[in-house]
Amino acid sequence: MTVKTMTAAINEAIDQEMGRDDRVFVAGEDVRVGGPFGTEAGLHAKYGDKRIVNTAISELALTGIGVGAAAVGLRPIIEIMIMDFVSVAMDQIVNQMAKMKYMLGGQARLPIVVTTHAGIDSSSAAQHSGSLEAWFCHVPGLKVVMPSNAYDAKGLLTAAIQDDNPVIYISNKRCMQTSSEVPDESYALPLGVADVKRVGSDVTVVAIGRLVLDALTAAEELAKEGINLEVIDPRTLSPMDTTTIVKSVQKTNRAVVAHEAVRNCGIGAEIAATIADEAFDFLDAPVKRVGAPFTPVPFAPLLEKQYLPGAQDIVAAVRSLYH
Amino acid sequence: MDLTNATMLRMFEQMTRIREFDERAALLMEQARVHGSVHLYCGEEAIAVGVCEALNQDDYITSTHRGHGHLIAKGGDVERMYAELFAKATGYNGGKGGSMHMAALDLGIIGANGIVAAGLPIGLGVAFASQYQENDRVTVCFFGDGATNEGAFHEAMNMASILKAPMVFVCENNGYGEWSKTESQTSVTDIADRAASYSMPGTIVDGMDIAAVHEAAIEAIARARSGGGPSLLECKTYRFYDHVGRDFGVLQRDPQEIARWRARDPIKLWREELIAQGVFDGKTADEITAAIAASMESAIARAEQAPDPTPEALYTDVYSETQV
């Protein structure tokens, strides 16, 4: 166990899987210099040009490299530098890699991980700050993973690389700067299993990515008022471990869902609907959603701060359940 | 170029097989016996066959929505293809893909594609894998003139050039993108000119002359296989029928234009050539064609009687079971 940043944990997962399986390679923009976030730092020196493949700023071709290479037996990691850039690659992600196995009657096996970096990070404005995870949760054939901390990040990425399906692996940029204890050896955390980050009795908070950390902060504050939050991190958004969420709500009878993405049609809406479907009789209050307002991400630091959902929004949402 | 009689004969048979397959696919669509849309390859047979005859069995192709010809030329089984059109469990895709998604990965056929130009980035990935696996295989991407106006074409050509990917881009310029003339939507007269932007050879070939297509393909494939990088072949051809089916009803084409191209029917030209070279006489050619036509009829009869997909098939093949 060593304290590592989430960035270092991601780097370690890629390194260890590349060491274990020579079918694994990384392709992306600027990956040979380690990528702008450092997730591939040192890998080019270790694995060379063949396995750390710099591509043009060409997200559609880059993603196509992943689809084609996976169809004939390789295990690509395709890095889309900033999540907003996925829009350029959407045909290859949504029409090709997600549907190929089904359309071909099961002929294809597509072990691809698309790694990308999402969310707000110091005035990057509307085209470099998006949290677009819900787009991919709507597409059958894809798995979607979004860790909140270094330990989960390493174990989930290891599992994603070993998985035989396309996985969209989303790192929240502000989570990447946080650190926690991470084993040095390789380990996989199963996809589709949620983690209870804090056991509580009064309100279930299902939080995604950075909002998991904010939910834990909110829990400390609300504990002083005698409200005891249970914080659940789904970690995998598709397929989602709804069993853990529903069980928790059956115990607490109240729920808040929270993410950095725009609230409208966010993954929180799906979680809220699932709770309504499967735990309606247990609810003492409506399910509240915390998310960003229905605007593009603003540039001005003041507006960005106003836009960004955080611990105080979760505190307010929880308090509203008691009025 | 010296071709053996056996090769020349096989080319004739393969082109005829494609023609007879698609003429019947058109009728089946008009009779509503098969489902969905059928995009006919009639008129373009010399390209698929001329190119695929130059490939090894373990080489790869990507195809298009107008893909039946590519599948047959790369060794696809016509009964399984008809079964797929009939949406049967025995079809190549188990009845879950249809005409626009037919694929046979074990034959190196990565698949037809319903999205114009989408096969090019995928083909790039397949060719990249051949470099990675050092397996000496070549990937051919077939696509139409319309695809060359998609970003995917330009992104794939650029990256293929940079990676020196072992692949050949084969453009079937049939004069129309869907229901509009190529010149109304394309900034160049010759698609081959676009190769210069990506530092690769761009060659114009008479797409109705199978010997010319074959010769150009041999050269481009050899270049790709020997590490010389990708090339673009533009095959000038003509779609005998409409974008969808034989006559969808929205496009009126000049009958003289159709007649001009029909006079250069690639199968007719090749038949005349083989008779001139003494490979066969007209009577033998007719017998070959009749035998292929009969084999199509029996393939259709068997495919139509094949079992439908089970209701459970709706939910299978969405995800793979991971095998660590």
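In this briefing, helices and strands are DSSP runs, numbered from the N terminus. On that basis, Ser123(A) is placed in the loop between strand E5 (113-118) and helix H6 (133-137) of chain A. The model is predicted.

**Contact between the chains**

- In the contact between the two chains, 36 residues of chain B meet 37 residues of chain A.
- On the side of chain B that touches chain A, strand E2 (109-111), helix H5 (119-133) and helix H6 of chain B each contribute at least two residues.
- H5(B) provides the largest share of that side, with nine residues.
- Sorted by class, the side of chain B that touches chain A consists of 20 nonpolar, 13 polar and three charged residues.

**Overall form of chain B**

- Chain B contains 10 helices and eight strands.
- Its radius of gyration is 19 Å, close to the 20 Å that the globule rule gives for 324 residues, so chain B is as compact as a globular protein of that length.
- The C-alpha trace of chain B spans about 60 × 50 × 40 Å along its principal axes.
- Of the 324 residues in chain B, 52% are buried.
- When contacts in chain B between residues at least 6 apart in sequence are considered, 75% join residues at least 24 apart.
- Asp247(B) and Ser320(B) are separated by 73 residues in sequence and, C-alpha to C-alpha, by 40 Å in space.

**Helix H7 of chain B**

- Helix H7 (residues 210-225) of chain B has 16 residues, and the distance from its first C-alpha to its last is 22 Å, close to the 22 Å expected at 1.5 Å a residue.
- The buried residues of H7(B) are Ile210(B), Val213(B), His214(B), Ala216(B), Ala217(B), Ala220(B), Ile221(B) and Ala224(B).
- An α-helix has 3.6 residues a turn, so residues three or four places apart point the same way.
- Among the elements that cover the buried residues of H7(B) are helix H1 (5-30), helix H2 (45-52) and helix H9 (266-276) of chain B.
- Strands E4, E7 (202-206) and E8 of chain B are also included in this cover.

- The buried residues of H10(A) are Ile245(A), Ser248(A), Val249(A) and Thr252(A).
- These residues lie on the same side of H10(A), because they cover an arc of only 100° around the axis.
- The cover over the buried residues of H10(A) includes strand E10 (203-207), strand E11 (229-233), strand E13 (255-262) and helix H11 (267-279) of chain A.
- Pro239(A) belongs to the loop between strand E12 (236-238) and helix H10 (242-252) of chain A.
- The peptide bond that joins Ser238(A) and Pro239(A) is cis, with omega about 0°.

- Strand E7 (residues 167-172) of chain A is mostly covered, with six of its six residues buried.
- On one side of E7(A), Val167(A), Tyr169(A) and Ser171(A) are buried, and on the other Ile168(A), Ile170(A) and Asn172(A) are buried, so that both faces are covered.
- E5(A) pairs with E7(A) in the parallel sense over six bridges, and Val114(A) stands opposite Ile168(A) in E7(A).
- Strand E6 (residues 143-145) of chain A is joined to E7(A) by three bridges, and these two strands run parallel.
- Val144(A) likewise stands opposite Ile168(A) in E7(A).

**Loop residues**

- Ser123(A), which is not a glycine, has a positive phi near 55°.
- Ser123(A) is classed as partly exposed because it has 14 other C-beta atoms within 10 Å, whereas a buried residue needs 20 or more and an exposed one has 12 or fewer.
- Lys164(B) also has a positive phi, of about 50°, although it is not a glycine.
- This lysine, Lys164(B), lies in the loop between helix H6 (151-163) and strand E4 (167-173) of chain B.
- With 15 other C-beta atoms within 10 Å, Lys164(B) is partly exposed.
- Asp247(B) sits in the loop between strand E8 (231-236) and helix H8 (255-262) of chain B.
- Asp247(B) is partly exposed, having 13 other C-beta atoms within 10 Å.

Key: Residues numbered from 1 in each chain as written. Chains lettered and ligands numbered in written order. Predicted model: local features only at pLDDT ≥ 70, side-chain atom pairs only at ≥ 80, totals over all residues. Helix = DSSP H or I, 4+ residues; strand = E, 2+ residues; numbered from the N terminus. Contact = placed C-beta atoms within 7 Å. Nonpolar A, V, L, I, M, F, W, Y, C, P; charged D, E, K, R; others polar. Rg over C-alpha atoms; globule rule 2.2 N^0.38 Å. Expected span 1.5 Å × (residues − 1). Arc of directions from axis to C-beta. Pairing = 2+ DSSP bridges.
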